[in-house]
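Subject: Structure handover

Hello,

Here is the structure we talked about. Please look it over with the notes below.

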Amino acid sequence: MEKQFQQRATALVMTLVSLPPLLALLCVLVLSGCASPGYPIAPQAQASAAKDMPPPPKAEDFPKLDAAKWKQGAFPSLEALRMMRTGMGKDQVRDLLGSPHFSEGLAGVKEWNYIFHFRTGKGPEFTTCQYMVRYDGDRLTQGMYWKDPNCAMLLDPPQVKPIPMAAPVPTPPQKVTLGADGLFRFGGGSLNDLAPEGRAKIERLAADIKRNFKRVHSISVTGHTDRLGSASSNEALSLERANTVRDLLAQQGIERNAIRTAGMGARQPVAQCPGTAKTPALVSCLQPNRRVDIEVAGEQ
């Protein structure tokens, strides 16, 4: 073993000697950087990274799968993915998730991309998801994103709880549809975009749930948009609206862990309207498609 190490070290030295001086210096710097200890994390920088809220990437911002350096991807630990937070250093991310699967560059890298596979429970079958980690100027995680928003639900699937034989049979799920135009400003989806009357509707819904249900098993919040705009922006907007409704329900005392969110974009329209130009008439016709569906299951 020692002889092999000496042979490899000699070969590496001979290779560096044969290179032009500038290229050899670059190789030495790269090799030394790989072996150097990680940088410390300042509490102020960590707090800044956690406070930043950059816009999420669009689907087209993710690299194509065939551009990956490590094309096989990986089967990640779900627990490791659940531990990801903003304000983490690259060494900490690499310890949890491994190295990125794409060639991200040598210096000033602010984005790591991964190919992750998840078992479906049907033999060897699995589903593939793309995951992006973005870093700020202090090389701390600034945001973690899935190309397909539904992949995020794989980390925290709804818990199926067996019903005891003596327990009362739950009533059928109660479904409520709220028109997005009455909740948010047009094109908006955050808490700041909620109209006063929209906030009041959600607060009344939370009060109704607490009054009418002795026990809530699960709440499904699904956002929908019309077909105007790109598919990726519509999916992101619909999920943002669903998450905002969830957060406000939780603020009103509904158990947050019982709420699951999803964004369907324009994939489940309830109104079909002719035309492609964004005219006032088409926007008005497509209004029923801009909605948030809330389905509550529990014991009344």
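"Buried" here means under 20% relative accessible area, with exposed over 50% and partly exposed in between (1.4 Å probe, protein chains only). Helices (H or I, at least four residues) and strands (E, at least two) are DSSP runs, numbered from the N terminus.

With those terms, take strand 6. Both of its faces are covered. Ile259, Thr261 and Gly263 on one side are buried, as are Arg260 and Ala262 on the other. Five of the five residues of strand 6 (residues 259–263) are buried, so the strand is largely enclosed by the rest of the structure. In a regular strand, side chains alternate between the two faces of the sheet.

Two notes on the source. This is a predicted model: local features need pLDDT of at least 70, side-chain atom pairs count only at pLDDT 80 or more, and totals for chains, interfaces and linings use all residues. Residues are numbered from 1 along each chain as its sequence is written, and side-chain values use heavy atoms, with hydrogens and water left out.

Overall

The protein has eight helices and seven strands. Of its 300 residues, 34% are buried. Its accessible surface comes to about 18300 Å² (Shrake-Rupley method, 1.4 Å probe; for residues, only the protein chains shown count as cover). Carbon and sulfur atoms hold 58% of that surface. Contact means heavy atoms within 4.5 Å. Among contacts with a separation of 6 or more, 67% are between residues 24 or more positions apart.

Two strands pair if DSSP finds at least two bridges between them.

Strands 4 and 7 (the latter residues 291–299) run antiparallel and are joined by six bridges. Glutamine 174 has valine 296 in strand 7 as its bridge partner.

Strand 5 and strand 6 run parallel, with five bridges between them. Serine 220 stands opposite arginine 260 in strand 6. Valine 216 lies in strand 5 (residues 215–224) and is partly exposed at 27% relative accessible area. Its C-alpha is 4.3 Å from that of glycine 298, 82 residues apart along the chain. Not counting residues up to four places away in sequence, valine 216 touches Ile209, Val296, Ala297 and Gly298.

In helix 7 (residues 231–251) sits threonine 244. Threonine 244 is buried, at 5%. Leaving aside neighbours within four places in sequence, its contacts are Phe184, Gly189, Ser190, Leu191 and Leu194.

Five bridges join strand 2 (residues 126–135) to strand 3. Arginine 134 stands opposite glycine 143 in strand 3.

Aromatic rings

Rings of Phe, Tyr and Trp (its six-membered ring) pair if their centres lie within 6.5 Å; planes under 30 degrees apart count as stacked, over 60 as edge-to-face and the rest as tilted. The whole structure has seven aromatic pairs. Tyrosine 114 and phenylalanine 116 have ring centres 5.2 Å apart and planes at 20°, so they are stacked. Tyrosine 114 is buried at 0%, and phenylalanine 116 at 1%. Phenylalanine 118 and tryptophan 146 form a tilted pair, 5.9 Å centre to centre with 55° between the planes. Ring pairs link Tyr114, Phe116, Phe118, Tyr131 and Trp146 into a cluster.

Best wishes
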